[in-house]
Each structure stands twice: as C-alpha cells, then as structure tokens.
Amino acid sequence: MKRLHGFTPERLAELIARFPNVRVAVVGDFFLDRYFDVDPALEERSLETGLPAHQVVGVRSSPGAAGTVVNNLVALDAGEVIPIGFVGDDGEGYELIQNLRRRGCPLEQLFQANGLRTPTYLKPRNITDLSLRGEHPRYDIKNRMPIPCELEAKIVACLEEVAEKGVHAVVVADQIEESFHGVITPRVRQALADLAVAYPRTIFWADSRRFIRLFRRLIIKPNYREAFGIEEPPELARGLWDKYLQMITELRRQNDAPVVVTCGDQGMIVTDPELTWIPAVRLEGPVDPTGAGDSVTAGAVLALAVGATLPEAALVGTLVASITAQQLATTGTASRTDLPAQLELWLAQQETIAAGDAG
C-alpha cells in the first residue's frame with residue numbers, strides 16, 4: 001500500500017483558494033443539535049419525585065447530522081451550499097431552519113412535512129467538565145414513521161434539478177437507521193446511483209450510519225467497521241493490513257466507485273487511483289470526535305471539487321477533522337485559514353516518523 005507523500009503548503013494554498021467557487025448540494029437527514037449546559041452546583045431535588053432536578057443555565061443549538069456537513073462547508077467558504085431534505089412542523093424544525101438561514105443557505109428544497117418530527121439530539125452536559133465524561137445521557141427525537149411517497153418524489157426531483165443545473169458535488173448524509181424513516185430511502189438511493197452515472201463530472205459522496213454497503217457508483221466513506229461489514233471486526237493492527245486491504249478492495253469492486261475508509265487515529269485508506277494510506281494528525285490533550293466524520297466529508301469534497309486527487313482530498317479532510325476534534329463540548333467547524341498551520345504540524349510529524357523508520 002502506498003503512503004501519501006509530496007503534499008506541500010503551496011498545493012494546499014492552491015486548493016483552498018478555489019473553495020469559494022464550489023456549489024454543493026447536501027441531501028439527507030437534517031438534525032437539530034441542542035445542548036443544555038447544566039451547572040451541578042445548582043442542582044435541586046424534585047419535591048414530587050425526590051429525583052435530581054438538573055438546572056440548565058444555557059441552551060445552544062446548531063444544525064446536526066447533514067447539518068454538520070453544511071456547517072463545515074459554510075465555515076470553509078464554499079460558494080453555495082444547498083440543503084435537500086425535510087423538517088417537521090414543530091419548534092425544532094423552526095429552530096433548525098433559522099440556524100440554516102443564518103448560514104446563508106437557500107431553503108426552498110428543505111421541505112416542511114406535516115406529521116413528521118424534526119430529528120433532534122438533546123445533549124445535556126456538565127459545564128464544569130468539557131470532556132466526554134461531562135456528557136449526560138442523550139435524548140433523541142427521531143421521525144418514527146415512513147416518509148410519504150410524495151415527499152420521496154420531491155427529494156428525487158430536487159436531486160435531478162441540482163444535478164442538471166451543474167452543482168460541483170452532491171453529499172449524502174444518511175443518519176437515520178430505519179430504511180424508510182429518513183430522507184435516504186431505497187428509492188432515493190437508486191436515484192443517486194442513476195444520477196452518478198448520468199453526471200460523471202459531478203462528485204457524488206455518501207456517508208451512512210447503517211447502509212453504506214447498499215450504495216452504488218458514489219464515492220463512499222465508511223469507517224473501518226462499516227467497510228468490513230461485520231459487527232466486531234479485528235482491531236486495527238499493522239500485522240493485519242493485508243486482510244484489511246483485501247476487504248477494502250472487494251468493497252471497491254462491489255461499489256463500482258472509489259472508497260474512503262476512516263480508521264480512527266490510524267488515519268484513512270483510499271482506493272483510487274491506487275490503495276493509499278493517509279496518516280492521521282496526532283493530537284495531544286482531550287478530543288471530542290463528535291461530527292469528525294462530517295468534517296472529513298466537507299473538507300474532502302471541496303478539495304475534490306477543485307481538482308485534488310482522492311488521496312490529497314482525504315488529507316484535506318483529515319486536517320479539517322483534526323481541528324474540529326479539538327473543539328470540546330460542541331460540534332466544531334474549521335475555516336480555510338486554520339488549515340495551513342495544521343498541515344505544517346502534519347508534515348512535521350511525518351518527518352519525525354520517517355526519521356524514526358530510517359533509524
């Protein structure tokens with residue numbers, strides 16, 4: 001397996017300078033991330049039940065899931081970001097729409113669906129502990145019923161429209177784990193495969209919580225567990241690389257399109273133009289991986305859209321994710337101006353590793 005070499009600060013500058021020219025459609029499950037900041041010093045006891053009454057001293061919200069991809073695309077100065085999906089006719093939907101409007105997104109193709117709920121992650125957390133240990137148990141609001149056929153048809157029509165109008169990329173964020181309860185139903189998935197064939201110059205990129213192996217002809221970004229398609233794959237270890245690469249190569253054949261496999265702190269493996277390993281940025285101190293995969297997607301897709309090779313794009317995605325992972329107690333974002341310093345760190349780390357290998 002080849003290892004990425006030769007990526008320079010000048011090459012990064014060339015790529016990120018073109019980000020404002022890129023138009024991206026993001027289709028999938030738009031969640032509302034709502035954080036409740038809890039002060040344990042103010043905790044009370046319920047007179048009725050005797051249970052703790054946690055006291056909220058701050059409420060923060062931002063778009064989540066597909067919305068996290070949007071957040072990062074906007075923060076990286078993409079020229080236009082077009083959300084395609086739905087929200088419910090509820091307060092969470094209103095709040096999500098306002099968040100996306102503040103990011104400058106056109107919202108004509110984010111439909112309000114009566115009878116459906118806006119997916120929401122409710123995240124209470126201890127304000128005195130910003131690490132993952134400070135998180136309380138999360139409460140999830142999800143749509144619990146199949147989406148109407150009429151809404152499905154609208155989503156497909158929107159995809160056809162943006163492809164015909166010439167967006168540079170279509171990003172799929174498939175978060176809901178029930179086949180018919182989210183935006184990416186089997187019908188929508190097939191439409192995406194057909195469009196990827198019909199518009200070969202458009203980048204089609206998919207990430208999926210549960211169904212990544214059902215996509216065809218789109219670039220897919222599974223983590224290594226999803227790539228292997230088994231509940232408990234062997235732990236990542238250098239001695240098993242040959243086995244991993246065989247599995248990834250087979251997934252590439254089944255998908256009939258490139259595969260990008262995220263391997264946690266080991267980095268990423270991409271299949272095209274040949275199997276290539278992109279080492280991760282080594283981070284010190286506490287990290288919060290929430291939304292890191294969506295950060296990878298945003299950075300990589302923008303880089304691909306402006307002419308990067310897949311290994312180069314994966315590195316750009318890695319740099320973005322290494323920045324957002326250091327932002328605790330929030331679903332972070334990175335800007336273009338953050339990336340050069342992170343590349344310098346990555347290059348220095350690679351030089352150290354190479355010197356150690358030579359010794």
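**Exercise 1. The cavity**

Asp 29, Phe 30, Phe 86, Pro 119, Ile 176, His 181 and Gly 182 line the largest cavity. Work out how the residues of this lining divide into nonpolar, polar and charged.

*Solution.* Start with the ground rules. This is a predicted model, in which local features need pLDDT of at least 70 and side-chain atom pairs count only at pLDDT 80 or more, while totals for chains, interfaces and linings use all residues. Residues are numbered from 1 along each chain as its sequence is written, and side-chain values use heavy atoms, with hydrogens and water left out.

Step 1: A cavity is a set of points on a 1 Å grid over the protein atoms alone where a 1.4 Å probe fits but cannot get out, and lining residues have an atom within 4 Å of a point. Grid points are joined across faces, edges and corners; the volume is the space filled by probe spheres set on the points.

Step 2: sort by class. Ala, Val, Leu, Ile, Met, Phe, Trp, Tyr, Cys and Pro count as nonpolar, Asp, Glu, Lys and Arg as charged, and the others, Gly among them, as polar. The lining then divides into 4 nonpolar, 2 polar and 1 charged.

Step 3: The volume of the largest cavity is about 30 Å³.

**Exercise 2. The fold as a whole**

State how the radius of gyration of the chain stands against that of a compact globule.

*Solution.* Step 1: take the rule. The radius of gyration is taken over C-alpha atoms, and the globule rule is 2.2 Å times the number of residues to the power 0.38.

Step 1: apply the rule. For 359 residues, a compact globule would have a radius near 21 Å; the chain has 21 Å, which agrees. The C-alpha trace spans about 70 × 50 × 40 Å along its principal axes.

Step 2: look inside. Buried residues (under 20% relative accessible area; exposed is over 50%, partly exposed in between; 1.4 Å probe, protein chains only) make up 54% of the 359. Contact means heavy atoms within 4.5 Å. Among contacts with a separation of 6 or more, 72% come from residues 24 or more positions apart.

Step 3: list the elements. The chain has 10 helices and 16 strands. These are DSSP runs numbered from the N terminus: helices are H or I with at least four residues, strands E with at least two.

**Exercise 3. The cores**

Find which residues have the most contacts inside the largest nonpolar core.

*Solution.* Step 1: define the set. A nonpolar core joins buried Ala, Val, Leu, Ile, Met, Phe, Trp, Tyr and Cys residues through side-chain atoms within 4.5 Å.

Step 1: read the core. The largest has 59 residues, and Val 26, Leu 73, Trp 205 and Leu 339 have the most contacts inside it. Helix H9 (residues 310-324) gives the most to this core, with 9 residues.

Step 2: follow one residue. Leu 339 touches Leu 12, Ile 16, Leu 76, Val 316, Leu 319, Val 320 and Ile 323, not counting residues up to four places away in sequence.

**Exercise 4. Backbone exceptions**

Locate the cis peptide bond and the positive phi values of Asp 77 and Arg 217.

*Solution.* Step 1: recall the background. Most residues other than glycine have a negative phi, and most peptide bonds are trans.

Step 1: take omega. The bond from Asp 272 to Pro 273 is cis, with omega near 0°. Pro 273 sits in the loop between strands E15 (268-270) and E16 (276-278).

Step 2: take phi. Asp 77 has a phi of about 70°. Its loop runs between helix H2 (66-75) and strand E7 (80-88). Arg 217 has a phi of about 75° and lies in the loop between strands E12 (203-208) and E13 (219-220).

Step 3: check accessibility. Asp 77 is partly exposed, at 33%. Arg 217 is partly exposed too, at 36%.

Technical notes
On a 1 Å grid over the protein atoms alone, a cavity is a set of points where a 1.4 Å probe fits but cannot get out, and a pocket is an open set with protein on both sides within 12 Å along at least five of seven lines; lining residues have an atom within 4 Å of a point.
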